[in-house]
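The following paragraphs accompany the sequence and structure shown below. They are intended to be read with the model open, moving from single elements to the whole assembly.

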2 protein chains.
Amino acid sequence: MPKIKNQYLKVDPWKIEEVGYKKEESMVSESLFSLANEYMGIRGFFEEDSDEKSLLGVYFNGLYTYSPKQIESAYKGITDKVHFMVNSVNWVRVQIEINNQIINFSEINHKNFSRSLDFKSGELLRSYTAILNDGLEVEFSFKRLLSMNTPEYGYQYLTIKANKDIDLAVKFSLDFNTLHWGKYHFWEEKQKSATSPTYVLGELPTKQRLLALMHIETNKDCEISYEESDLAVERKYKLRLKKAESINFERKFTGLKEKQASEKSHDLLEKGLKLLSNQPSYQEAYAMNIKYYQEFWNNFDISIKGNEEHQQGIRFCLFQLQQTFHGVDETNNIGAKGLTGEAYSGHTFWDTETFCFPFYLLNLSSAAKNLLMYRYHTLPQAKERAKELDCLGACYPIATLNGEESCDLWQHASLQLQPSTAIVYAIRHYMMITNDDDFLNDYGMEMLIEISRYLYSRGDFNQTRTHFGFYGVMGPDEFQMMVNHNTYTNYLGKESFKFTLEMLAYIKENYADKYCQILSKLNLTEEEINIWQEAEAKMFLLYDEKTQLYEQHLGYYELPHLDINSIPATDFPLYHNWTYDRIYRNDMIKQPDVLMFMFLFNSDFSNEVLQKNYDFYEPRCIHESSLSPSIHSILALQLDKNEEGYKFFEFATRLDLDNYNRNTLEGLHLTSIYAAWMNIVYGYGGLRTDALPIRLNPTIPEAWDAYSFHFTYKSIKIKVEVDKKSFTLILAEDLAEPIEIKTKPVYLKKGKNTFAI
Amino acid sequence: MPKIKNQYLKVDPWKIEEVGYKKEESMVSESLFSLANEYMGIRGFFEEDSDEKSLLGVYFNGLYTYSPKQIESAYKGITDKVHFMVNSVNWVRVQIEINNQIINFSEINHKNFSRSLDFKSGELLRSYTAILNDGLEVEFSFKRLLSMNTPEYGYQYLTIKANKDIDLAVKFSLDFNTLHWGKYHFWEEKQKSATSPTYVLGELPTKQRLLALMHIETNKDCEISYEESDLAVERKYKLRLKKAESINFERKFTGLKEKQASEKSHDLLEKGLKLLSNQPSYQEAYAMNIKYYQEFWNNFDISIKGNEEHQQGIRFCLFQLQQTFHGVDETNNIGAKGLTGEAYSGHTFWDTETFCFPFYLLNLSSAAKNLLMYRYHTLPQAKERAKELDCLGACYPIATLNGEESCDLWQHASLQLQPSTAIVYAIRHYMMITNDDDFLNDYGMEMLIEISRYLYSRGDFNQTRTHFGFYGVMGPDEFQMMVNHNTYTNYLGKESFKFTLEMLAYIKENYADKYCQILSKLNLTEEEINIWQEAEAKMFLLYDEKTQLYEQHLGYYELPHLDINSIPATDFPLYHNWTYDRIYRNDMIKQPDVLMFMFLFNSDFSNEVLQKNYDFYEPRCIHESSLSPSIHSILALQLDKNEEGYKFFEFATRLDLDNYNRNTLEGLHLTSIYAAWMNIVYGYGGLRTDALPIRLNPTIPEAWDAYSFHFTYKSIKIKVEVDKKSFTLILAEDLAEPIEIKTKPVYLKKGKNTFAI
């Protein structure tokens, strides 16, 4: 794994901090200093004019448009219409004029540059002193905040002080002229006003709308003027600022989005104005954020004693995942880059159910349910997609915002079944932990049935009908592009049928009326249930009793062997440096595939079998997915390969902070952040939740003195504290269900439960 | 094979003829009535104004441009720059005004419409009588001709006669405003003149240029005026035409293309004006064409007695293939649609060496050599392409005009090795028939070496190095998209190494100096030769002695079986009606794959083995390639499956005439036309030229009384006449090499050699 870190920020347990300015790190910092609150996100770009390289990104979760390049595919079932999260209004833009000179960061000298983001408040602070002509020095401080309580609210707080008297003018804009991908523009102006109230209402080609309103207060008398231009409004404040006096400007921003197109602009405006007029001050919002994060850290913190870099890394992860998603809205999901960049188009992948879901399931089950509800709401699109693919039921997209398949690489969109099976896995996981029968009856069962229909119609029997499986698929290892009987896909397929059949039987027994309703609503027959049973029973799994190995797919062992250590480091990432098809012509794998289902269904496999497969597949894996190291770390730790487990762990926790993949400038690897959480809780904590009783088996790396983490099980909050000798589970209440602690089922009591390590 | 014919034209042995006008057949007729002379081509569209559906296509072989839609591929080795033969100057356009009313074919009544194309002259004639107001009837006759001797020359001959006095005005244009794909325009005007001389010089973005000149003569005094507009010039002729008097206009057209960009426009103009001034009259050109075709039919005719449809079908094929290519220029090749349409972008595929080459090799070896020289000239591009694919040597493109890969479907461009192996096959074929050692020494060997280099670097050994083969390939059967050890590819790969090694040994022995030169020029080492030997010896061929079957690729037998007869006829073509990946998930095949190499290396296989494989693979083949039925017909006839052989034959010979595939409107299936020739000569004639001695074993279908065909072997012209009882080979000279006639080697003598059937 030739990954080398590039550590730039200061190490601190509760914040990230950049001291001094480094031009070449500018865009990486923009990503790292991103703010978000699930509803919206903003990269840490500069407010004032500058010529630095920048991705000026402001995103509202769920606002998207379709690609201007309509790809016309000659073939059926290949998506020719892709959508993406669209860059939107710049609401922090300011233009500063001092003695009639516009301040451009790139053109002036400066000192004392610093930028910091505080995990306890979510406040972003940037400050520096501009060194101008004739000994004039002007101090700037830019603060920024998104409300975690009322997500439509954003704040900006600007302070300026000079060492001489100056003529100062500051122009505050709301500007929809942001270019997407630095090239395209999609917004149409529907309404605006520069005077009071100050707002712009923009509309996308999808007819979704965004109302951006602002209100500005300052501590000094200024001459105020207004300007309007296409898609933008501006308010300009002018004054004579005395030497050593501070002026501050507080901008309140309300961003009100309408995901569903409606015709009544005035309702939106009315609602927005009301929101703005009720908007608390910066100081009030700051205080509320402090409180919000206090509770968050109380419940979700992971503390690590003995390694400050890891401590900062994991807190940064937790902070960013909370910013990205916490279940505000059941039509939101988690993009690969969250709300921190345009790469991956804001799309949700199978990562959500596979890597992100456990965090919510074990911490905030309402958010976990919302993620499942997002899939339920997009069931119609998944059914439509299955039809496009000549299949039955529902095929969930590999990449989407609005539920439609938005990946125009057919090899991924048509051959990867893992989005659908991951949803079944998440429902199964959710039901196991929550026993939420209402969800199952009202939503879950329907998804299970439609996915099973899809899987059955997408699969096939062999010529002698002795086995069933999936032909022409791409498993999680995307370096085997189109294969038959990928064992991950078959395994997940088998488990999907099994769980669907179990749940049908469960509802039949416990909710007879509901069972009849479901059968009738979905036209489900006994015959269909029977064929699923046959497919489940005959699912082809390439397991060899003798070697105890699962073959990754039919024919995998026949592939030429490639010694991955022989690949020069300069060849990575391979997608850029190797011709496309070359990647596929050997036994190299990109990310865990066999090992992935051995993690997901961990209790199905003995350590002996796991070890055999780990030892076979790990040396063939180049970890070209950022999700790969964490899974390997978790399994290595299970197999007492502590050094290896630690090596993989280091990467995951500080992936973006140390820009391991050199692409953090495009945005944060949001879903990898969840994998980092799993790496601690499942890896070092040894938690397993794939079967009942759930299991816990903590270990501690040499480099740490102690660590702690939280999870919630059966509505009981549990804090786990681990040191070199023992570990303690602290519960708020007695727990009625057993947890298997180091192979023995234990009923935990309220208070401290201590075990030797 | 759910192919249903749509017979529309009159049956005639020496021409095609359309009597009466049928709107819905208009574009099909445009394709069928195409003229070409290798240098240029023109579809049979209307000269005068009309609103009929039309593809107004005029093409100059080798004039191309790059796609305006630059596809940016995220992956290495995927072509993001495609080029295509570009539609060019309309040089037959006329606008006719009668009594100040512009004649628009779609707006007037007409009678006596007819259109015919004469195989003995290449003259296209279209005539009808327009029925205008007040009993006015005007007869039009449009004739068109391309010179087969001086390919820059085109002709138009227009005759008009009315039953009343009329005011007539006729405007003749040279018009570069033609839209490509009905949408795009690429020509830039460099120079023009409407007066004498009349010309337009157009330039493409590739800097290739086309000079279009014309000269018009008429038999009556007219008032002549000139017009110029953007990219076009016009000459207008006005007169009072008396009742029952004929006026005729003769337009001479010279089209001079420059494939290589140069800076000197005036040279081109000078050359063009000289050509135009020497241009013979229509009547002279017509007479020369008659002579040209007389010789052509004397040498190449296939006569069929007893079935006029077949007779017309095969003559149409021969006529069109002669029009498309006869070796005028060694930088020309044969597009899938020839010069008759824009579909397939004028590209040359592996069809050239696989299906077209034998016709020339056995009839006009200079043209065969030119086709090989085309590949030699594009060797630099093939080497560049191999580099793009991280391979050594030369990888020939799957689709090209200028030698660069122009297929943006990576699965075809990167996975199909058959263009390169087909070139080796053609060189092998060529050497076997011609013993042209100069060609081998100067050009052939270099191509063989570079292709072997490519093949070796593209292939790989298995993990135990017991066998070599190709991973991640698409064989001729494009319904198995990406497989390992496709037997066609491995077989052709093996034969390519074998032939390269043989020829190296041959040159070493016979041309020692040349051998050293080649080694030194190409940096070829003994070591490299040795590894090819190893790859050849260890080539993995999936043959089972017990069943005598070749498996199409590793894992083919494991695929679910699809009964192709269960597919509804309305599902065809499958590419339009089935989702893309669905096509790949079963054992259905698109066109011969195992059977293809059993045809190409026919002498390697006993009839018993052939039969086993035919019986296994034919029922799995849906013939979605127009090239498929002929190969099946040839092999069926070899196996005495006469009825089946005949059924497949009927399709091939009249594929376009009867519009079997319903897409003749896009242009003619030029390469299928060659397959139709093979279907008679290799199928009924039983000719085999894949090994020495060549073999002949004629049979005759029940429906025919007799047939004859020609071929040339070792420079001796041979005419084969077959009737129900016997066949006769008529030679101009004694033949020094034996031909195997019905399994026995025979030395044929000058004159008639008759054998019982």
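A residue is called buried here if 20 or more other C-beta atoms lie within 10 Å of its own C-beta atom, the C-beta atoms being placed from the backbone. By that criterion strand E14 of chain A, residues 198–203, is mostly covered: six of its six residues are buried. The model in which this is seen is a predicted one.

On one side of the pairing scheme, strand E13 of chain A (residues 188–193) runs antiparallel to E14(A) and is joined to it by five bridges. Within this pair, A:Glu189 has A:Gly202 as its bridge partner, and the two strands are connected as a hairpin through four residues. E14(A) also pairs with strand E15 of chain A (residues 209–218), again in the antiparallel sense, over six bridges. Here A:Leu201 stands opposite A:Leu211 of E15(A). The hairpin of E14(A) and E15(A) has five residues between the strands, and A:Lys207 takes a positive phi near 70 degrees in it.

Strand E1 of chain A (residues 15–19) pairs with strand E8 of chain A (residues 109–118) over five bridges, with A:Ser116 in E8(A) as the bridge partner of A:Glu17. E8(A) in turn pairs over seven bridges with strand E9 of chain A (residues 124–131), also in the antiparallel sense. In that pair, A:Leu117 stands opposite A:Leu124 of E9(A). E8(A) and E9(A) form a hairpin with five residues between them, and A:Gly122 in the turn has a positive phi of about 75 degrees.

Turning to the helices, which ones surround helix H17 of chain A through contacts with its buried residues? H17(A) spans residues 628–638 and is mostly covered, with 11 of its 11 residues buried. Among these are A:Ile631, A:Ile634, A:Leu635 and A:Leu637, together with A:Ser628, A:His632 and A:Gln638. The buried residues pack against four elements of chain A: helix H15 (594–600), helix H16 (607–617), helix H18 (642–653) and helix H19 (670–684). Just after H17(A), A:Asp640 takes a positive phi of about 60 degrees.

At the level of the whole chain, chain A has 19 helices and 30 strands. Its C-alpha atoms fill a box of roughly 90 × 60 × 55 Å along the principal axes. A compact globule of 757 residues would have a radius of gyration near 27 Å, and chain A agrees with this because its value is 27 Å. Of the 757 residues, 51% count as buried. Among the contacts in chain A with a separation of 6 or more, 68% are between residues 24 or more positions apart.

B:Gly667 lies in the loop between helix H18 (642–653) and helix H19 (670–684) of chain B. This residue counts as buried because it has 28 C-beta neighbours inside 10 Å. Its C-alpha atom is separated by 4.5 Å from that of B:Gly341, although the two residues are 326 apart along the chain. Beyond its neighbours within four places in sequence, B:Gly667 is in contact with B:Ser31, B:Lys337, B:Thr340, B:Gly341 and B:Ala343.

Chain B also shows an open sheet of five strands, in the order E19-E25-E26-E27-E30, with antiparallel pairing. Strand E19 (303–305) and strand E30 (751–756) stand at the edges with a single partner strand each, so one side of each is left without a neighbour in the sheet. Neighbouring strands of this sheet are turned by 20 degrees against each other on average, direction ignored.

Finally, how many residues does each chain bring to the contact between chains A and B? Chain B gives 35 residues and chain A gives 35 residues. On the side of chain B that touches chain A, strand E20 (460–461) and helix H14 (574–577) each supply at least two residues. H14(B) gives the most, with three residues. By class, this side of chain B has 16 nonpolar, 11 polar and eight charged residues. Chain B is superposed on chain A by a rotation of 180 degrees with 0.0 Å of shift along its axis, at an RMSD of 0.0 Å. That is the relation of a two-fold axis. The same surface serves both copies, since 100% of the contact residues of chain B recur in chain A.

Notes: Residues are numbered from 1 along each chain as its sequence is written. Chains are lettered from A and ligands numbered from 1 in the order in which they are written. This is a predicted model: local features need pLDDT of at least 70, side-chain atom pairs count only at pLDDT 80 or more; totals for chains, interfaces and linings use all residues. The radius of gyration is taken over C-alpha atoms; the globule rule is 2.2 Å times the number of residues to the power 0.38. A residue is buried if 20 or more other C-beta atoms lie within 10 Å of its own, exposed if 12 or fewer, and partly exposed in between; C-beta atoms are placed from the backbone. Two residues are in contact if their C-beta atoms, placed from the backbone, lie within 7 Å. Two strands pair if DSSP finds at least two bridges between them. Axes are lines fitted to C-alpha atoms, for helices over the stretch in contact, and angles run from 0 to 180 degrees between N-to-C directions. Ala, Val, Leu, Ile, Met, Phe, Trp, Tyr, Cys and Pro count as nonpolar, Asp, Glu, Lys and Arg as charged, and the others, Gly among them, as polar. Copies are superposed by least squares on the C-alpha atoms of residues with pLDDT of at least 70 in both.
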